[in-house]
Every structure is written in C-alpha cells, then in structure tokens.
Amino acid sequence: MQRIDRRPGAGAPWRPYLYLLPMLVFAVGFVYYPFLKTIVQSVSTVNFRGEITGCAGLENFRYLFSRREFGIAIRNTLKLMLINVPVTLFITILLGWFSSKRRPLGPVYETMLALPMTVSMSSITLIFKVLLNPSVGYVNYALGLRLGWYTDRHTAMAGILLLTVWMGIGFNYLLFLSAFRAVPQDLIGCAQLEGAGALRTLLYVQLPMISPTILYVACTNMIQAMMTSGPILILTQGGPSRSTTTLIYLMYTSGYSSSNYSLAAAVSLVTFAMTLTFTALLFALERKRVHYQ
Amino acid sequence: MKKPAFRRRAGDSLMGLLGIALGCLLLFPLFYGFMGAFKTPSEFITYPPTVLPASFANLSNFHTVFTQVPMLRYFLNSLITAVLTSAVRIAVAALAAYAFVFFRFRGQRVLFFLVLGTMMLPADTLLITNYQTVSRLGLLDSYLGICIVSFVGASQMFMLRQHFMTSPTPVREASQLDGCGDLRFIVSILLPMSLPVLLILFVQSFVAQWNLYLWPLLVTSSNAMRTVQVGITMLTTIEGTNYETVLAGAAVAMLPAALLFVFMRRSLTATMSGSAVIR
Amino acid sequence: MFKRMLALLLVLLMMAGLTACAQAESRKIVFWHSMSEEAGALIEDYVKEFNETVGLEQGIQVEAVFQGTYAEAVTKMNGMLANRQLDSLPDVMQLDATGKVSFAAAENAYTIDAAAADHPEDDLSGLLAPAMANWQLAGAQLGLPFATSTTVTYYNKTALDAANAAAPVTLQDIAALASLAKDGVTVYAAVPNTPTLANWLGQLGSDLVNFHNGTEGTATALDCVENGALAEFLQAWKELYTSGALVNTSGSTDEFVAGRQLIMTSSSSSVASLLARIGGAFELGVAAYPQVNSTASAGATVSGSCLVMFDHGTEAKDAAWTFVRYMTGAEVQADFARGTGYLPSNAAAAASDVWAQLVAEHPQYQVGLDQLMATPDTMRSVTVGPSADFYYAIMNDVSDMLEEDLSVEETVDMMQDDLGGMLEQYVRANP
C-alpha cells in the first residue's frame, strides 16, 4: 500500500470539511443523536405519546430486568447468535472452498448457491411457513417427521434458525468464493509441493489468507443475528410461549406497540451494549488470528 | 504428478454434479414456493402434500396478487428506494473517503473514528428515535423518509478509503498541476478507477435496502409508498394465511431480482475477486 | 376589438372559477380500514357506491386505504399522534378495541357525541345498544359500530353427531369429548388472550381489570384475583387440558375446515367464509361461546370494529359524518352481514328481508345475534394501555401453566405480577 503524499493542497483549507459534511450530518442526525435520545429516554418516564414526562433514574431498567420476557429474550437472542454465526461460517466457507476451483459446470452452481441473496426476507419467510407446517408441510412429510416447527415451543427457534441461516448463505458465499479465489496460487502450489493434502492446505494456508473475510462475515452476521426481528414478527410473534422472543422483537412489541417508549429505549441500550461487547471480542481475536497481507 | 487429463475432467464433472445437487438442495424452498403460486387453496390443506401443482394453467393467484394489492407499485417503491439509497450512500461515502485520503487536516483522526463509530450502533436499536425524528421532519410516508436513515455508509466509506489509498500519487498531483479541481478529479478520474469496488458496494447496498422490513413498516402507511417486503405480508388475513396468494406474491417479488442477479453474477464475482475486497 | 377581448377574458375567468369551485366542492376524505379478502372487497364496493351516489350528490369522494391488521393501523395512528402529525391522520378510520385509548386521547378526535351535537337531526337510535356500548370510553361515544361480532363456538356437527354428542355448552362438555382426539384429529385448540379471557371472567361475573375493564378510567390493576374468578377459570382450563381434549396452540381455521379439529372458538364473522370453505364436507354447527362451568352465565363480549372520525375542519368533518352514517345505515349493514357473517349493527338491518332470508338458509348466522342480545350489559370488552404486551403475556402465562404443569395458585401469582406490573408501569408513565 503506497503512502499518499497529502499536501494541504492549493485552495481553501475548509475543503475536506466540506466533503465530510454530508456524512457527518447524517451520522450525527440519524445515528448519534438518536442514540443520545435513546439514552435519555431510557432514564425518563415517557408517556404513550412519546413525550418525556419526568426523570425515572434507573427505574426503567429495574422494571426491565424484572420482566421475565427480558431474561428469556436475552437467552433466545444469544442462542440465535451463537448457533447462527458458526453454522453460517461453516457452511459458506465450505461452499466457497468447494467452488474455488474453476470447473465447467461452475457458473451454474455458483449462481445457484448465491441466489438466496436476491430473495426478499418476507417472501422466503412465508415460503418457510408453508414448508414447515406441522400437518401439511412438505418438510415434515419428506423427512418423515412430526415436528411442530413454528407451533411448538421446542422447535420454533430451530425453525427460525433454519430460515436465518438459509438467508445468510447467498451473499456470504459470494464473499468467500472471491476470497478463496484471491489467494495467490503460488502459495497453494508451494504447499502442495511440500506434500500438503487438500485439508492441510485449507487449514494452514487458505483459511489464514482469507481471515480478514472471515472476520468481516463473522462480525456482520453477529450483528444481524443480534438484531433478528423480521421473521419473528411475521411467523411466530415471539411465541410459542416466548420461545422466539428476541431483544429487538421485545423492543417492538413491548415497547413501541404498547406505547412504552422508555422500555423500548432501555432494551435498545442493552442490545447495543451486548453487540458492542461481542464486536470488541471479535476484534480482539483479530489481533491474534487475522492475517493481513 | 498431475492426474491424466480425462481423470481430471471426470473428477471435475463429478464435483460439478455435486455442486449442482447442493444448489438444488439450497434452492428447494424457492422452487417449492414458485410451484405453490399455481396451486389452489385446497391443494394446500391436502395430505400428503405435493410439490408440483395440479395444473400450471391456474393463474388466478397471480391475478389476485396484482388486483388485491398494488404489487407493481410496491415494486416500483422498492426499486426507487433501493436505488436512491445506494446512490446517495455511495456518493456520501466517496466524498468522505476522498477527504480522508487526499487531505491532511485538523481533527482528522477524531472525525474518522467518529464516522467509523456509527458501525457500532446498529440501526434497529435506533429505530424508534429515528422514527420520531423522521416524523418531525415531516418525512413520514415518503421515499426520502424510507431512505434517509440509510444514507450513512461507514463500512462503504471504509472500503472506499482502503481502495483510494492504493491509487498512485502521481495521478492526483498531475491532475492538480493541470488545474483539476476536486470534483472534477473525483468524477472523471477517481470514480472510474474504482468502478469494480463501486459496483460491489452498490449491489450490497441495494440488496440490504431491498430487504429492509421493520423500518419501512414503521414509516409507510399508505399503499402508494409501501415497499414489496411490507406489501407481501399484507396479503395475509387476520384469520389465517391464504398461502396461494402469498406465494404468488412472493414468486412475483423474487423474479426480477433473481433474473438481474443471474445476468450480473459473472461481472460481480469477477470484480470481487479482482479487487480483493477485503485485504 | 379591445372590448371583445375583455369580454372573452371575463368569460374564461368565469369558467375557470366555476370549474375551480366544482373541483373544490368535491371534498376528498381518506378512510383507513383493516379488512381484506371478502370483507375488504365489500368495503371497496361500498366506498365506490358511496362515491357514485351520495358522494356525487354532496361532492364527497372517499379514498379507502387498507392498513394491514388492526394492530398495525393502530400502531401507525399512535405514531402519528405521538409526533403530532395530525394532518397525516385519515378522516375516517376503522378501529378495534386496541385503539380506543389512543383515539380517546387524540387531540383532533371527532367523537360521536360531538357529531351528534353538530347534527341533532340525525337519529342514532337504530344502532344496537350492546354494539354502541362497546365503543364508549369514560362516558364518551367514540365511534359507531361498523363490523359487529361476538365470539361463538364452531363445531363439526357431523363428527359430533356420529359420536352421539350434543353441542358443547360448557368447557366440561368439551372435556367429555376427549375420546375423539385420535388419528391426527384434535378436539379443541385455543390459547386464552385478552378478549377471550375477559369473556370467561365476565361469565363468572368478574372484570379482568378494574375501572370496569378500563372503560370508565385507566385500568390500574387486575380485578379478577381477589374474587377468585381467575383461579376458577384457570382450574377449568387446566382440567380441560389434562383431559386431553385441549391442545395448547391457537386454533387453526385450516385444520377445522379440513376436519382435523372438531371445535373452534372464533369470531361470529367467520360464518360466511367457513360455510364457503367447508362446502359440503361436513355440517357446520354454531353454538354459544362455551361457559366456564355450569354455574357461570352464558355470553361473550362484543368485538369487531367501529368507525371513528378525526377533525380536519368543518367540511371534512361533515363529509366524514355523511360517510360514516352511510356505512352504518341499514342497507350497507344488511349487505355486509350477508357477505361476511358480521352481525348487523343496525336494528333495521336485523329486521330486514335480507337478514331474514339469510337466516332461513343458514340458521348458523342467527346464533351470534342471539348471543349478542342476550349477553348481560355488565360484560365489557377490555381496554388497557399496553395492549400488545398484555395480550401476549396472558397467552404466554396460561401456556406456561399447561406446559410446565404449574399450579393454579402459582399461575395466578405469576399473572398478577406480569400483568399488574405492566399496568403499574403504564400508569406511572401516563399519570
């Protein structure tokens, strides 16, 4: 990477600030300002119109932590995240590795494997609803199962996971495909000359080379998993028996739909804190494991 | 020792078939959904369930989809908002990246991390306060209202910054000597050089915006403004889901994006590998 | 020459002015509704008819917009009210019970009392009393009942006849049918939620929350714990579950229509679509809402939706009023009842030929109306602030009782904590 010689340049010194302005305006207006407002709302009493009517200190948090749904939501969200991310990584890395070698039929299956990314969330959610119907769903029939899927508290989360992992395959697969293809051939050649088989090459040469991509995919998927709410709103409404209640779903129904804005704000902050922690953990891993060229 | 050519080819074909099999397995839900669009309501409650419809001539569901809800309008809205968001987001990110790369100014580090910091605050946690802001601005139920919260593209800016840093210094200096102003430089030299990266960012942004559900649900209230995501879920009724209509709607929603993707895929993967997106 | 030009100009100006006036005369009002499929199609028809008849005469044009479910529409309305986007609100809106509180507190709510005061010549006595009472809050009449329904029991008469069973009257009757649950067939599936729980408690003579189920003031606490009504209901519900006749999922119309679920409690408005979907597969039986036990009274609260209006100026208010009167008039109500199964909110509609003919062909329609008129006045539907939260909490808590085999006392305590806590928080934020 070459160093750019950044001379202040001829012309007005306010130029960089001008170019930065749009970005800053939106960043402050739609990210930092709402964030601060959320913090304020979480420590105030907010009426059903959204107006602040007084100071609540930590009362909102105390109430939130005392709600059974909250503990359940944290557990469910963590479960979702801790299963979704590794599974997605595993599947997409494997598929990417498999596809990295160019073959005659390649273009066909590469397109097929990436196609899920073009399907809108609500479409595929409704398709899964039909497929996983307990009595007339094709999946139960084809696999000889009698699972309740979205109607049974033990399997509902599994059903949601199935859906979210499926949705995550398309784009992440493309990223890994490109990453694998970007690994310099001479490195692989070297490894093969030294007698390394396919598996060892994968583990000791390719994976380290694509580790920046792994970090990126892990991070983005982790954040997406923490924020899961769409499929739940459409399919299970947090049930059955709260088994699919996630943090953002809780924020929407118990907060927004119940005109309890201070609760919504409190949930937002907790979700944010957790996500931030996990991101920091992932980046700490980066220092140890991720290899940049 | 290299394998003989025909063995390599046989191995490749076998692997190729495996790939196709995997693809079929993955795409089964889509196939099933598409087939379901041709079924009649009773075909959905029969046991054992079928994959193929009784008759492909049954187009009544598609008719319902286009008459019961303004599906074309939803499409248009999704398209407009996705394109608008992606275009503005990249433009804003490019300007910011340009500022960070080609200049040295006071507060640079602070501002850089300030922008990057927005990646830590996921949009869904700010949904409700953003809603309050957008409604105060009078942007409820409008394209701008749907798009405006997505104009901040910190990760896009970061990628562009990484990319701009690889551009050779002499180019900028030469253009400055020629009296080339900032905007001219960006538009006629920098952006064309970065076309592959811009393409990827555009597609990524487009797909992300196209798939948004919660935010457009909150912000739109009229049929004229709804996006496809929200619109499809409105095909369901209170009593239950009329699967045949919903699947027809889903099939219709899937088709354009899928077709576009099939045609774009080659250039997409080529540019992605070529530019080595994440170094 | 000049004079002729002037004359021409004047004529043109007059024409422009006239057309402008004519256009201004056609007031456009916006109507939000939450009905889809058959009911939604009917609404679109009525709106079109109105625009072509009364609307054309009086220069009113109505634009109907489907807003998704009632919950989604109310969420939208709440959002606009909260952010003072009063202009974005419609002129007429179809509201269900969950929207009552927000509407009542809306700055530009145009209540029926106000409308009646503006139009003293209009006679509102034709509208059924129980239906009207349902849309009152703290003494004010918020809206006029449009789609009126009550909850009834649907059962597979063919299957029950084959087992020599009469129509179920109490929950215990349903429990007695447990032996029919086999080979993929379930007897009854339901999870209590706010309105259905209120029904059962009302049968036991108790309200769910205080202030008369929130209709006379903001509810602050549960009202069914001390009098033992909640415990009594939970006991009966638990016994129903242990008998094997109850499956702990929300009932599915698809399953009922396919003959795989024998009993279903649902809105009386489903009659028309059920008859259509079942076709001749089996005979559809309709009975009154199940009683908690033999000592409880019968009946179920009124549900459905009403039409409320927002104040967007005198002309708009008048136009809205005209439209609302049209939609709650005898003709539309009778036609709507026939096309959907909703009960006619207008007494004249109930007495009309259309209704009589309908009942003659399908006596199932009459059950709902009879139950509506027979339900004691004291049974009110529930209005609470945090409605979504409350609703799901009831469903989840009762489910937990069944699935985790909790005792009735534990469940009552749990519900007291959960639901009571929600109400307390709401009152704290909204003094």
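Q: Hi! Which helix is Gln132(B) found in?
A: Gln132(B) belongs to helix α6 of chain B, which covers residues 127-136. Keep in mind that this is a predicted model.

Q: Thanks! Is Gln132(B) buried or exposed, and why?
A: Gln132(B) counts as buried because its relative accessibility is 4%, and buried means under 20%.

Q: What does Gln132(B) touch?
A: Leaving aside residues up to four places away in sequence, Gln132(B) is in contact with Lys37(A), Gln41(A), Gly50(A) and Tyr261(A), plus Asn83(C).

Q: Let's move on to chains A and B as a pair. How many residues does each bring to the contact?
A: Chain A contributes 98 residues and chain B contributes 111 residues.

Q: And how much area do they bury between them?
A: About 9,500 Å² is buried between chain A and chain B, with 73% of that on carbon and sulfur atoms.

Q: How many salt bridges are there between chain A and chain B?
A: There are 2 salt bridges between these chains. One of them pairs the side chains of Asp12(B) and Arg103(A), at 3.8 Å from N to O.

Q: What about polar contacts?
A: Between chain A and chain B, 11 residue pairs are in polar contact, counting pairs with both residues at pLDDT 80 or more.

Q: Which part of chain A gives the largest share of the side that touches chain B?
A: That is helix α1 of chain A, residues 15-42, which supplies 20 residues.

Q: Nice. What classes of residue make up that side of chain A?
A: The side of chain A touching chain B has 64 nonpolar residues, 22 polar ones and 12 charged ones.

Conventions. Residues are numbered from 1 along each chain as its sequence is written. Chains are lettered from A and ligands numbered from 1 in the order in which they are written. This is a predicted model: local features need pLDDT of at least 70, side-chain atom pairs count only at pLDDT 80 or more; totals for chains, interfaces and linings use all residues. Side-chain values use heavy atoms; hydrogens and water are left out. Contact means heavy atoms within 4.5 Å. Buried area is the accessible area (1.4 Å probe) that two parts lose on being put together, summed over both. A salt bridge is a side-chain nitrogen of Lys or Arg within 4 Å of a carboxyl oxygen of Asp or Glu. A polar contact is a pair of N or O atoms within 3.5 Å; within protein, one must be able to donate a hydrogen and the other to accept it, and residues adjacent in sequence count only if both atoms are side-chain atoms. Helices (H or I, at least four residues) and strands (E, at least two) are DSSP runs, numbered from the N terminus. Ala, Val, Leu, Ile, Met, Phe, Trp, Tyr, Cys and Pro count as nonpolar, Asp, Glu, Lys and Arg as charged, and the others, Gly among them, as polar. Buried means under 20% relative accessible area, exposed over 50%, partly exposed in between (1.4 Å probe, protein chains only).
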